[in-house]
Amino acid sequence: MEAFIESFSAGVDAVDSFVWGWALIWLLLGTHLFMTIRTGFIQRKIPTAIKLSVSKTDPYAEGDISQFGALTTALAATIGTGNIVGVATGFLCGGPGAIFWMWITGVFGIATKYSETYISMKYRVKDANGRMLGGAMYALERGFKCKPLGKLLAVLFALFTAIASFGIGASVQSNSLAGALTSTSLIPGAADIPTWAIGLVVTVLVAIVIIGGLKSVSRVCEKLVPFMAIAYVACCLIIIGINSQYFVEAVVTIVTCAFTGQAAFGGAVGAGIMLALQYGFKRGLFSNESGLGSAPLVAAGAISKNPARQALVSMSGTFWDTVIICAITGLMLVTSVLASPDLMAIYNNTMLANNDLTYDTALGIFSGGAALATACFETIPFFGPLVLAFGLITFTYSTMLGWSQYGDRAVTYLFGTKGVRPYQVLFLVFVFWGCIGGGDLVWNISDITNALMAVPNCIAVLVLSGVIAKETKYWVYENRLEEEDNTEIPTVGTVDLPAEAK
């Protein structure tokens, strides 16, 4: 039995490496670039997008949550370990150049985030309770002329999303949260805290919020996300300020290594442009999820006058997540290593026990990334470790809340509302399991399905790009953002949810 498990795990590792290869990289990059052109470089509308994200909700428009609530819920799922441990992991495994490619995914990914949200809003539906449902599956099913193909891709997307939520949304996050608590120097005897006790508390805290449904999750995220993001960015900027003499050198190093593939620091294994690209895009997607199709699942519930308004609001999330926060994290890491080269020894010591240098979702490599981030933050006495510990805990907690809603929407599409409660229970089981150790196998399977979500989603965006381009011109470039879209939203399903989950 043990031999079978090892063989199966090795097979999963091989599949994971394959799906995150050149094909997916070019699909994502190609979609980002193509939609940038098709939308008339929609990135230039970022100021408008930010303004809309904090504007008052239209009391007469249809939807379940505010535009800001939809944005913060999506940010809750994206601003997480990807911004701290994920950037460090990309840097360590892909070299400094990976940070540049992460940033590129953010800049050009803004257009894809706009596009995937637009079709999610345009093709959204209502359930029997009037709850808004949307996402790539509805765009594929309703927007494709070839209905059988659209339905097949829709089912695959929903299936990949549901599976990914158990790993990337539950186990990986709760494991990181438990690790942050047991390794912090701020709590005396933290290492002796039983992981089952942490798991129990975390599971209860997650359950209290997600059982209340999207509105409950949105209310928590509206309060939690801005505060935690500002605190984390402030701390990173302080560290960059401390190492300001290395700032220009850090920028040059990141850009140079992106096109030469040099590791730059002896401890990084990122020798080769392919690794820089692969880890840059992989960690970039893990961070901002542009092209993944996840954020539109929640964005479809936003109260918005027309699809373009919420699409603009959603794309601002990629701007904040990757263009700003991940870039600041990357600069903080590189300036810190330039100032104190001995920091790389932390990673080298971690990696001595792990010969699989590309297995970046394994616990050892996540620990290496966390160790490097911790060492950087410890340059600010007390306050630094406090912000890092607080950031990791709140980021992972909010990510679990956001991803629970993604899985909720996917399961609703596959099984109807009757599948929501069983899904929530299973999600909580994986949250607990992640705290007590989880398993690398689950993480790798979720990593695979996380990547596979991008395939049907990018197909939907590309096939419907003509619709997106035409209607973007009408709503955005002809200044009709204040107009109401009176297109009737169809109702699907007949099974009611309990009142508290509406």
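## A buried arginine and its network

Arg 409 is buried, with a relative accessible area of 2%; buried here stands for under 20% relative accessible area, exposed for over 50%, and partly exposed for what lies in between (1.4 Å probe, protein chains only). This is a predicted model, in which local features need pLDDT of at least 70 and side-chain atom pairs count only at pLDDT 80 or more, while totals for chains, interfaces and linings use all residues. Residues are numbered from 1 along each chain as its sequence is written, and side-chain values use heavy atoms, with hydrogens and water left out.

The partner to look at is Asp 408, whose side chain meets that of Arg 409 in a salt bridge (3.3 Å, N to O). The term salt bridge is used for a side-chain nitrogen of Lys or Arg within 4 Å of a carboxyl oxygen of Asp or Glu. Asp 408 also counts as buried, at 3% relative accessibility. Through shared partners, salt bridges join Asp 127, Arg 131, Asp 408 and Arg 409 into one network.

## Other salt bridges

Side chains of opposite charge can pair when their charged atoms come close. The count for this model comes to 10 salt bridges. One of them pairs Glu 141 with Lys 151, with the closest N and O atoms 3.3 Å apart. Glu 141 belongs to helix H7 (residues 136-143) and Lys 151 to helix H8 (residues 147-183), so this pair ties together parts that are 10 residues apart in sequence. Helices (H or I, at least four residues) are DSSP runs, numbered from the N terminus. Both ends are partly exposed: Glu 141 has a relative accessible area of 29%, and Lys 151 is at 38%.

Now follow Lys 305 to Glu 482, a salt bridge with its closest N and O atoms 2.9 Å apart. This pair links distant parts of the chain, 177 residues apart: Lys 305 is in the loop between helix H13 (295-299) and helix H14 (307-339), and Glu 482 is in the segment after helix H20 (465-477). Lys 305 is buried, with a relative accessible area of 17%, whereas Glu 482 counts as exposed at 54%.

## Aromatic rings

Rings of Phe, Tyr and Trp (its six-membered ring) pair if their centres lie within 6.5 Å; planes under 30 degrees apart are called stacked, over 60 edge-to-face, and the rest tilted. The count by this rule is 13 aromatic pairs. In one of them, the ring centres of Tyr 232 and Phe 377 are 5.8 Å apart and the planes lie at 20 degrees, so the pair is stacked. Tyr 232 is in helix H10 (residues 214-242) and Phe 377 in helix H16 (residues 363-377), so the pair ties together parts that are 145 residues apart in sequence. Tyr 232 is buried at 1% relative accessible area, and Phe 377 is buried at 0%.

Tyr 423 and Phe 427 have ring centres 5.9 Å apart and planes at 45 degrees, so this pair is tilted. They are 4 residues apart in helix H18 (residues 420-435), a separation of about one helical turn, and both are buried. Together with Phe 166, Phe 430 and Trp 433, they form one aromatic cluster.

## A nonpolar patch

Trp 433 turns up again in a nonpolar surface patch of about 780 Å², along with residues including Trp 196, Leu 200 and Ile 208. Patches are made of residues with over 30% relative accessible area and no salt bridge, with like charges joined within 9 Å and nonpolar side chains (Val, Leu, Ile, Met, Phe, Trp, Tyr) within 5 Å. Accessible areas come from the Shrake-Rupley method with a 1.4 Å probe, and for residues only the protein chains shown count as cover. Helix H9 (residues 195-210) gives the largest share of the nonpolar patch, 6 residues. Ile 208 is placed in helix H9 and counts as exposed at 60% relative accessibility.

How values were computed:
Helices (H or I, at least four residues) and strands (E, at least two) are DSSP runs, numbered from the N terminus.
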